[in-house]
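Subject: Structure handover

Hello,

Here is the structure for your files. Please open it alongside this message.

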Amino acid sequence: MGIGVLGKYRAYLPVSDSTPMITLGEGDTPLVKSNRLGAELGCGELYFKLEGCNPTGSFKDRGMVVAIAKALEEHSVAVMCASTGNTSASAAAYGAYTGLPALVLIPKGEVALGKLAQAMAYGARIIMVDGNFDVALKLVRDFTTKHHITLVNSVNPHRLQGQKTAAFEVSDVLGDAPDLIFIPVGNAGNITAYWQGFKEYRAAEMTTRLPRMMGFQADGAAPIVRGHPINNPQTIASAIRIGNPASWQSALQARDESGGIIDAVTDDEILEAYRLLASREGVFGEPASAASVAGLIKTVNQGLDLSDKRVVCIITGTGLKDPDLAVSSVQAHTVEVEPTMEAVEAVALSAAG
Ligand code: F0G
């Protein structure tokens, strides 16, 4: 049985004697070494951090377990969040696990099917808002100011505390911090949390250096890159369809302190990376996650030499979250045959080369 994020990194987290040590088995996710793409891109070493292996299929569980534990400690009666889908799935799961009601506001028609299915199955109270994520987040912030219900979006500081543990894990497995982290940016909490984690580990002398933080927004939802909020953000990567990120300033700080960048990748670049990641590496991430790999490809094509670098791409959520997109955007190698050996041989032997 795993001890989870609270147990493993207790010394770095806001845990007191009265914090319930709950876990659904979050954290300790695989750091997989690239077998093909890294060499093709000329990276010294390339790794994928598979955050889709968390209990609800995204990195959100790391922060949610801390936020829910603290909510329980503070005798909260319910939790609430706005979400493009993953935060709501996670809040719903940890709410179900602990008996704390979860209220989730989601932009109507904009949440991937797998995520909606999760919130439904875990029994959250789902409130569909006829507006985008930014509108939903504003409503939730105002609501939780007015009512005694705990906000569990990443503006809740306990969320980022939990999420920073991914930086610890990467460092623990590699023996030191990597040279570069490529990471998708939506509400900008995760890039903030990773940077916080790397800085804390460095200060605790668990590592000897700090990585450059390379953040990527989707081109149609790139407020940080453009320098102003986007009213009607659009991208195929619905998880990061966000026009006014809550952690905007701390993302800029992570970028500047680390000597990194925050740039944008187009939907075509995201989709290409999404397909490559699955078909060339066996890693099925959701489209938002593929923005990290799209960013890596873009940066290499622009001439960044990574030949002596250790690079980690954060694959923030599993591809199973968004099955519609996989089915509609990937050219499947499917043929129909008669149920005979001859018919199977005719197609199978040619496919096997
Ligand atoms: N990748 C995935 C799969 C996400 O779900 C999110 C954010 C991000 C990346 C971006 O992380 O917001 O910390 O910059 N999802 C939020 C949600 C907004 O509601 O689930 P961020």
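Predicted model: local features only at pLDDT ≥ 70, side-chain atom pairs only at ≥ 80, totals over all residues.

The ligand site
The space taken by the ligand is the largest cavity. The shell around the ligand has 20 residues, and Ser83, Asn86, Asn187, Ala188 and Thr316 come nearest. By type, the shell divides into 8 nonpolar, 10 polar and 2 charged residues. Two helices each supply at least two residues of this shell: helix 4 (86-98) and helix 9 (189-203).

Backbone contacts
For Asn187, a backbone N or O atom lies 2.7 Å from a ligand oxygen. For Asn190, a backbone N or O atom is 2.8 Å from an oxygen atom of the ligand. For Thr87, a polar backbone atom is 2.8 Å from a ligand oxygen. How much of the ligand's accessible area does the protein cover? On its own the ligand has 470 Å² of accessible area, and the protein covers 99% of that.

Salt bridges
The count comes to 20 salt bridges. One of them joins the side chains of Glu169 and Lys49, at 2.7 Å from N to O. Glu169 belongs to helix 8 (residues 165-174) and Lys49 to strand 2 (residues 45-50), so this pair ties together parts that are 120 residues apart in sequence.

Over to you.

Best regards

Notes. Residues numbered from 1 in each chain as written. Heavy atoms only, no water. Near = heavy atom within 4 Å. Polar contact = N/O pair within 3.5 Å; in protein donor to acceptor, adjacent residues only side chain to side chain. Areas by Shrake-Rupley, 256 points an atom, 1.4 Å probe, with all protein chains shown as cover. 1 Å grid on protein atoms, 1.4 Å probe; cavity = no way out; pocket = protein on both sides within 12 Å on 5 of 7 lines; lining within 4 Å. Sits in = over half its atoms within 2 Å of the grid points. Helix = DSSP H or I, 4+ residues; strand = E, 2+ residues; numbered from the N terminus. Nonpolar A, V, L, I, M, F, W, Y, C, P; charged D, E, K, R; others polar. Salt bridge = Lys/Arg side-chain N within 4 Å of Asp/Glu carboxyl O.
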